Each structure stands twice: as structure tokens, then as C-alpha cells.
Amino acid sequence: MAFKDKVILSHRRDFDGIASAAELLRLFRGSVERAIFTNPNKGLMLGALSELKGMRNMELYITDLSLSEDGMLEICNSIDEIRRNKNKIFWLDHHPWPEGAIQLARASTEMLIAGENKDYCAAELVYTNLVKDDAVSKRIAELAHLTDFNIRPNDSALDGQLIKISKCIAFLDESDRRSNELRERLMLRVSEGEISGEVIDEVYAIYKESEEKNLSQLKETMDSFSVGNIRIGIAFAENLQSNMACSVIKEATGANVQVFVTTKDWAAHVRSDSGIDSSILSKAFGGNGHAQASGFTLNPTSKELGEAIKWYKNTVKDSAMRAFAR
Ligand SMILES: [Mn+2]
């Protein structure tokens with residue numbers, strides 16, 4: 001059987017994940033069975049993979065998702081199980097992978113491009129390794145590079161569009177039906193090489209309503225402290241685009257390391273000024289990332305929001321004292 005259905009499993013929270021899927025959609029036009037979006041933690045990855053258990057004779061493309069340290073074996077077992085149903089697995093990612101993870105995933109995939117890549121984001125890896133020749137996809141990959149490496153283009157109109165679509169994507173980082181439908185439409189729009197208009201305006205209007213509420217929560221929970229030359233700012237909101245939230249924290253506190261925590265999933269998004277390695281802090285909590293952009297997740301025991309935030313702040317503070325004191 002020559003014809004195979006394609007299934008895409010990509011990163012839900014950022015433009016690079018959506019862009020990788022949009023390129024594959026162009027490449028495999030008409031034969032993409034479905035695109036699933038998730039984030040690289042154990043629960044979400046296993047949940048996404050479990051949706052594919054009954055499928056046969058498909059090619060599964062996993063993009064912009066790393067294999068998380070927590071759940072590494074279970075995730076690979078789940079992939080092996082999918083593979084035993086005559087499916088093929090192609091996995092392309094650029095995040096740092098935990099020790100032993102690449103070797104583990106190698107045995108479960110037909111193609112694996114993984115591990116920290118300081119030059120290329122996932123959409124660029126998809127372009128150079130799979131797409132190879134398509135002007136629209138090339139452009140999509142270039143745009144993803146800008147957002148993923150936090151590079152602001154000189155063209156202010158383009159800058160505005162990238163900020164806007166990134167906010168929309170972060171806002172849609174949920175698994176309810178409405179978010180899934182809007183994200184699907186947004187991916188289709190990107191696959192046409194468009195990053196503005198239509199569904200993006202529609203999502204942005206919904207996002208704007210919630211932004212005000214989230215920004216005031218961010219300001220109310222903001223805190224900062226110093227460890228030597230390093231000033232760390234931390235703040236919380238239910239959901240905001242991470243780069244934007246971190247720049248608000250930086251502006252308000254003067255911090256050169258900014259920690260933004262989304263209380264919907266307790267994920268911390270860490271950014272730092274150049275010359276400071278934010279991943280030192282993230283790694284202390286079992287997270288990962290690059291020097292200027294990293295992340296980790298802590299799970300507060302208290303269900304009460306104020307208590308949980310207080311606990312989170314204290315935990316980060318204690319650990320930052322040790323991590324950056326070295
Ligand atoms: Mn990426």
C-alpha cells in the first residue's frame with residue numbers, strides 16, 4: 001500500500017508549532033488525516049498519543065515537541081505501540097532533550113532530528129528536511145524563526161502581526177472544542193502564508209477581552225528580588241503570551257530575569273537579558289530551554305489561588321538563591 005494518511009502532532013502554545021504543522025499541511029495537501037496540538041509534558045503527550053492508538057498505515061509527524069524527562073519511557077512505549085500498528089513515526093524538534101532521551105526515541109522512529117539547536121527552530125527543520133522547495137513554506141519558517149528566537153523585525157507592521165498572532169496562539173492554548181476549532185482555522189490561514197486577517201482578528205478580539213483582566217492580575221501578583229547582580233521578577237496570570245508578560249515584568253521591576261507563571265497550568269515561562277542564562281533556574285526545577293528562554297512547571301498543593309501563588313514565589317526564590325549563587 002503506497003498511499004498513507006498523514007497525522008501531525010505539533011506544539012500547541014507557539015507560532016513555531018503551528019508553523020511546522022502549516023508547512024506539513026501544504027506538503028501533504030489532501031492526505032493529512034488530522035492535526036493534533038499539545039504541549040511537551042507527560043500528561044498532555046500521553047493524552048494526544050492515546051488518540052492515535054486505533055490508527056493503521058499512517059505516517060505520524062511529531063514537530064516542535066521535545067521528549068520530556070518526566071514520562072520519557074511511557075511516551076516512547078506509547079509511540080512503540082502506535083508503530084506496531086504499521087505506522088511510521090517522523091520526529092523533528094529543536095529543544096534541548098534530557099539525557100538518554102534521543103537514544104530512546106531513536107529506536108522508536110523512522111526519522112529523528114532532536115536535541116538543542118541554537119540556529120534553527122522546528123519550522124526551519126521541517127522546511128530543510130522535508131519540504132525543501134516551496135516559497136510559501138520557506139517564508140513560514142523564516143517567520144517562525146523570528147518568533148521562536150524572540151527577534152523583533154525592523155518592519156514594524158510585520159512585528160505587529162507576529163506579536164498579534166503569537167498572542168492569539170497562546171490564548172488558544174487550551175483543549176476545549178472552541179479553542180481547537182479556532183486553532184485549526186488559524187493553522188489553515190498560516191498554511192496559505194497569511195499571518196493576519198480573518199480568523200486572527202476574530203481570535204484577537206476574544207483575547208483582548210481577557211487581556212485586561214490578566215494584565216491586572218499580573219500587576220497585582222508581581223514581585224522581585226536580587227541574587228548578586230541578578231534581579232529576578234516574577235508575576236502570575238491565568239493566561240498571557242509569555243514574551244509579552246515577561247516584557248511587562250521587566251519594565252515594571254527592572255529585572256534581568258523574568259518569570260511569568262500561567263496559573264491555568266502552573267507553567268513558568270522564563271526570559272532573561274542577554275548574558276544571563278535563565279535555563280539555570282529552569283533546570284533546577286527539572287525544566288529546560290535556551291539561555292534566553294526557558295521554562296519549568298511546579299505543582300502547588302494548595303487549591304486556593306492566593307496560597308498557591310505565595311508558595312510558588314517562595315519556592316522560586318529559594319531555588320534562585322541557590323541556583324544563581326554558584
Ligand atoms: Mn519551537
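1. The C-alpha centres of domain 1 and domain 2 are 25 Å apart, with domain 1 covering 5-203 and domain 2 covering 221-325, bounds that come from an automatic or database domain assignment. The contact between them draws 10 residues from domain 1 and 11 residues from domain 2, where contact requires C-beta atoms, placed from the backbone, within 7 Å.

2. This is a predicted model, in which local features need pLDDT of at least 70 and side-chain atom pairs count only at pLDDT 80 or more, whereas totals for chains, interfaces and linings use all residues. Residues are numbered from 1 along each chain as its sequence is written.

3. Helix H1 (residues 15-27) and helix H6 (residues 135-148) have axes that come within 9 Å and cross at roughly 170°; the axes are lines fitted to C-alpha atoms over the stretch in contact, with angles from 0 to 180 degrees between N-to-C directions. The two helices, H1 and H6, are therefore roughly antiparallel, a label for angles over 145 degrees. Helices here are DSSP runs (H or I) of at least four residues, numbered from the N terminus.

4. On the H1 side, the residues making this contact include Phe15, Ala19 and Arg26, and on the H6 side they include Ile140, Leu143 and Asp148.

5. The largest nonpolar core has 62 residues, and among those with the most contacts inside it are Ile18, Ala19 and Leu60. Such a core is a set of buried Ala, Val, Leu, Ile, Met, Phe, Trp, Tyr and Cys residues joined through C-beta atoms within 7 Å, buried meaning that 20 or more other C-beta atoms lie within 10 Å of the residue's own. H1 supplies the largest share of this core, seven residues.

Note on methods: Contact = placed C-beta atoms within 7 Å. Parallel < 35°, antiparallel > 145°, perpendicular 65-115°, else oblique. Buried ≥ 20, exposed ≤ 12 C-beta atoms within 10 Å, placed from the backbone.
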